[in-house]
Structure formats: structure tokens, C-alpha cells
Amino acid sequence: MNYLPEGVVELILSQLKNARDIASSTCVSKQWQSCVPYVPSLYFPRAVFDYSQRGNNKGSDYDATIGRMIAEAIRLEELVIYCPFNPSNLGTWLNLRADTLRVLELRMDGFGDKPGPDGSGTQLDCIRVAKRLELLKIWGVSLTAAPKWGVLKQLKSLEIVGATVRDGVLEEVVHASPNLVNLVLLSCEGAGLVKFELGRLERCRLDFLGQGNIALFLSAPRLEDLYVQGFSSIWVKPNHRIKTLSIAKNHGRVYNVEMGKLAEVQSLYLRGIQWSWGAISSVLQYASDVTHLTMKVEFCGNSETLLPFPEVDLVNFFNSHPKLLKFDIHGAMFASFCQKNSLAKVNSNFVIPCLEEVSVIVRSALNAEQKLNALESLLTHTPKLRKMVIRVSQMKNCNEAADDFFEEVCKFRLMNHRVVCVE
Amino acid sequence: MADNGGKKITLKSSDGEEFEVPEVVAMESQTIRHVIEDVCAKNSIPLLNVNSKILSKVIEYCKKHVAAAEAAASKASTEEGTAAAASVTKPSDEDLKTWDAEFVKVDKGTLFNLILAANYLHIPGLLDLTCQAAADMIKGKSAKEIRKFFNLKNCISPEEEEEIRRENQWAFEEEKRTRAFDAYA
């Protein structure tokens, strides 16, 4: 076969994105050459020009190549540039394809807030010409000054990874993209306050580095998925539709969480070294209808002192979360169930109606007897329990008590081998 | 899939073999759909550009996709609550994708013929699938290798080729290196 129908060549080419493949295609045949201008995507990987390294600085040549390929792709919808480039050229490139560009992904290597080519504004200002942009993703950018984007009405998804920000800048960025449905800010740092309002936002993922206290104020009535890491104080306007919620703080403390009733929540994930008990109990109260709960908070307390969890009444807890299907508990929370008073209240009528899977991480042999009693209680009062996983991680006190406890856990497993397994 | 007495159509391959298929399966091909709808009821449709080996593969694809669509539609209407329905149709979406991936694991010649057949018969899903498979096979290849893969004649004049190479120097560096090796091989 030495001939392919024209539509077929176009279709094959449209599946190619890598600039190297597109460049090779230009040399295959006249027919292929004529189809290259219609490619919808161009992707310049990090090392796309590396083969040509001969010691001389060909940076400007590579930028010229990028410019030429963008100019030739008259219907370009998606542009991804991971290789190094001179940000002053960005404006020219975007102007060429402002009418067709829907997806733009750039690796900025720390640029962004430096003055633009004409000496004013920032290097990211030129993005404002891409009025049809629906998805924008920027890696490694400096956002200490807000880029002037006007209003990007079509922008539905904004992802910024690895950014240094200043208070207020994010608010302006969000202001310029009022119709966002998806907002992702990962590995960001520098802010003390993150505050914004988005009427159409459905998915939001915010990850801020650092030990300090960062506050979040968020209003998003259509919000369904929220993942936040790094905030010590979280306020979400009630009347959201949150179904999946994850709150983590890898360093430092969570002081308070206010978000009103989580009426539609299905999955809740809490993680951190230290949370104030007020914050934990607020969230647990809001999430009374939760079905999947993961608690991986190690300590409580409002100050430098790390405190254990206060006693949590087993019966009350499960009665206030009747829809629980799957429960994943880290040591500290489990230990708080295992207090004498908590277990004393368990009577034979008590039922945990829906729970099917429990996963417990046990880290110490303290209160061994109570821990085993708690496990037994869980088993006895959970009619639908299919699986109980007990993860015994490195015991803090490596002495006989720990060995005994482990033996008891194994016995427990043997007695209930259909349901329990130990890892 | 239930062959429950729906109307059947006979498709005749270029080498004379006849395939009887339910009309709904045959209508996955827009070309055949037009013949059935516009050119009044035909019981046997000759397909001069598709041989029996390829036609049987095409029919296999159409049968699978019609069945998958029917299964998804019936599950969605019988399951109570959209959440349950969504969790049921998702695995079958993935099953279909897996099936598609296996379907295109064929030799080059068969793949090309499938592309041409899907193009001639206007079966968009099959055309996308097979072109994607072909594209995956040429990723990373040089122009010369792509030409060889598709058995295409090089119709670009040497002068023009030289100019293109100069412009896309960076994309041809690796080819130059392998050429140098060839000289010593």
C-alpha cells in the first residue's frame, strides 16, 4: 500500500503530539506534509532539543523552531511546552493562535512575575490574548505580582504547581477566571491568607507548604470535591455540595474548621500531626452522614504540646455516624475509643448498622486489654462486617508487653479468621 | 447478544464470502446504513473493497460495540438510582477499552486493511481506534522509518527534503547518528 486516504493521514497525525514526531512527519511525503498544518496538539517535552547539543547555545534557534511550528499549526488547540524557553517570546506565540488555543501548559522555571518584554506588567500578562483558553497549567512560577489577564471567561480549569505567591495575588488570579470548575494549586508557598469565591467551582485542590499558620476562606456553592493541605484555619461557606473532603496538615497545627453541615458528604479524610480537638469534633459533627471515614491524626492540642486524644465514647461516636461503611483509624483515635468509660456503655442492643470494613493501625501496647476489648466490641456489634484489618506497626515500647499484645491480637485473628486479618 | 429475530442483512466480501448479521450491527457502518435507508431494502450488500478476513474482524468489532451499548442502556434503565447505575457502567466501559486494545493487537497488514475498511465503511469508532494504534506505532520513528512502515513512496524532491532537514535539524540528529553507524556496519 503506498497510499493512505487523506482523512486517515489527518486522523493519524492528530494522535501525534510530540513535536519531534510532527517534525518527522513533515518529511514523510507530500501528502503528510500537507496534513501537518492541521495537527491539533503540539507537545515540546523537557529534552526535546537535547539531541542537538553540541556545546553552542542554540536557545534562540530552539525558540525560533517552537515559533515556526506554532505558526504552521493553523488549527492548534493544545500547546504544551516543557522545554526551556524565553518567556519574552510567549506573547508572540500566543498571539498567533489566540483564536484556536484551548489548552496551554507551560513550565516556567521560576519566571512569571518579572517584567514583560516591553518592561511593564509581568511575563504572564500575554496569556490574556488566549480568550478561548479552557485549561491552563503552569509549573514553577513566581506569583508575587498578579498577572493582568483581564477576564478569561472560558477558562474552566486552572492548575498551578510549584508557585511562590503573595497574599492577594491568588484572589486576583481567580477574579480573572470567574468560571473555573477545577482549581488546583500544588506545592505553593508564601501566602498567609488564601481567600476566594467561585460560583462554578466543583473541584478544588490546595496544597500549601510550610509550618506556619495559613488561613483559607472559600465560598463555592457548587463545590463537590475539596482537598486541602497546609491550612491551619479553614472556613468554607455553608451551602456547598461537598461529597469528598480531605483535610491534611503535614507540618504544624490545624486550629479550626468551619464549614457547616456536610449534608452530601460521602468520603472524609483527616490527616495531620496535630489538630485541635475542637477542629476534629467540629468536622466529625458536620459529617454525620459520612460513609467512608479515614482518621489519621496523631495528636491533639492547641499549642506546642502534643496531647493525646480525649476519650471518645464508642457508642456515641457510631450512633452519630450511622451510615459509616468503611472506617480507617490511625492509632491515636483508636486509643481514644479504648477508654474504660467508653467501653462500659456498650450494651447488647447497640448496633453499628452499615459498617462493612474497618482498618485499624495500632502503634503501642498501652491499654492492651482495652484495645482488644474495643476490637471485640466492634466485631460483636457490627452485623455487616466483612473485613477487619489490623495493622500493627513498630511498637513504641519494645518489651514483653508488646509481644504479649501481639500474641493476643493474633489469637483474636484466629478466632475470627473469616473477617480479621493482621498486617 | 440476543439474536432475537431482528432483521438480518447479508454482507458479501470482495472474495465472495457471505456474512449474515443483524441489521443493527451492520448499521454501525454509515456507508451500509445509507445503502439500507436510501437505496431501499437490500438483502445482500456486496462490499467490493473488503475481503472476508477483514470483514469478519469488522463485524466482530461492530457486534461487540452494539452489544456493549445495549447492555449499558438496559442497566441504566433498570438500576434504581443513578449512583448504582454509574458504578455498574464504569467497569463495562473499562472492559470495552480492554477489549478494544486487544482487538488492535494485529499484524501491520491487518491493521492497515482495518483502517482502510473502517474508512470505506464509515465506522468512526473503529477508524479512531485503528488510527490511534497506527499512531502509537510510529511515535519516535524517523521520517524514513515512518515511510517504510506505511510502505510509502518518497515523493519529496531532494532539494525540498534538504530544506526541511535544515529547518528540523534537531529532529533528525538521531537519524544522522544511526546512519553513521550503518556506514560502518
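**Cavity lining and helix packing**

Me: Which residues line the largest cavity?
Reply: The lining is made up of L11(B), V21(B), V25(B), A26(B), S29(B), I32(B), L55(B), V58(B), I59(B), C62(B), L121(B) and I123(B). Keep in mind that this is a predicted model.

Me: What volume does the largest cavity have?
Reply: About 60 Å³.

Me: And how many cavities of 30 Å³ or more are there?
Reply: The structure holds two.

Me: Back to the lining of the largest cavity. What's the split by class?
Reply: Eleven residues are nonpolar and one is polar. None is charged.

Me: Which helices of chain B supply at least two residues each of that lining?
Reply: Two helices of chain B do: α1 (23–26) and α3 (52–78).

Me: Where does the largest share come from?
Reply: From α3(B), with four residues.

Me: OK, stay with α3(B). At what angle does it pack with α5(B)?
Reply: The angle is about 70 degrees, and the axes are 10 Å apart. An angle from 65 to 115 degrees counts as roughly perpendicular, so α3(B) and α5(B) are roughly perpendicular to each other.

Me: Is that crossing left-handed or right-handed?
Reply: α3(B) and α5(B) cross in a right-handed way.

Me: Which residues make the contact?
Reply: On α3(B), K53(B), I54(B), K57(B) and V58(B). On α5(B), T110(B), N113(B), L114(B) and A117(B). By class, the contact of α3(B) with α5(B) has four nonpolar, two polar and two charged residues. V58(B) also turns up in the lining of the largest cavity.

Me: Next pair. How do α5(B) and α6(B) pack?
Reply: α5(B) covers residues 108–120. Its angle to α6(B) is about 145 degrees, with the axes 9 Å apart. The crossing of α5(B) past α6(B) is left-handed.

Me: Which residues meet there, α5(B) against α6(B)?
Reply: α5(B) brings L111(B), L114(B), I115(B), A118(B) and N119(B). α6(B) answers with L126(B), L127(B), T130(B), C131(B), A133(B), A134(B) and M137(B). In the contact of α5(B) with α6(B), ten residues are nonpolar, two polar and none charged.

Me: Now across chains. What about α1(A) and α6(B)?
Reply: Helix α1(A), residues 6–14, packs with α6(B), residues 124–138, at about 60 degrees. Their axes are 8 Å apart. That angle makes α1(A) oblique to α6(B).

Me: Left-handed or right-handed, that crossing of α1(A) past α6(B)?
Reply: Right-handed, for α1(A) passing α6(B).

Me: Which residues of α6(B) does α1(A) meet?
Reply: L127(B), D128(B), C131(B), A134(B), A135(B) and I138(B). The residues in α1(A) are V8(A), L11(A) and I12(A). The contact of α1(A) with α6(B) divides into eight nonpolar, no polar and one charged residue.

Key:
Residues are numbered from 1 along each chain as its sequence is written. Chains are lettered from A and ligands numbered from 1 in the order in which they are written. This is a predicted model: local features need pLDDT of at least 70, side-chain atom pairs count only at pLDDT 80 or more; totals for chains, interfaces and linings use all residues. Side-chain values use heavy atoms; hydrogens and water are left out. On a 1 Å grid over the protein atoms alone, a cavity is a set of points where a 1.4 Å probe fits but cannot get out, and a pocket is an open set with protein on both sides within 12 Å along at least five of seven lines; lining residues have an atom within 4 Å of a point. Grid points are joined across faces, edges and corners, and a volume is the space filled by probe spheres set on the points. Ala, Val, Leu, Ile, Met, Phe, Trp, Tyr, Cys and Pro count as nonpolar, Asp, Glu, Lys and Arg as charged, and the others, Gly among them, as polar. Axes are lines fitted to C-alpha atoms, for helices over the stretch in contact, and angles run from 0 to 180 degrees between N-to-C directions. Angles under 35 degrees count as roughly parallel, over 145 as roughly antiparallel, 65 to 115 as roughly perpendicular and the rest as oblique. A crossing is left-handed if the near helix is turned anticlockwise from the far one by less than a right angle, and right-handed if clockwise. Contact means heavy atoms within 4.5 Å.
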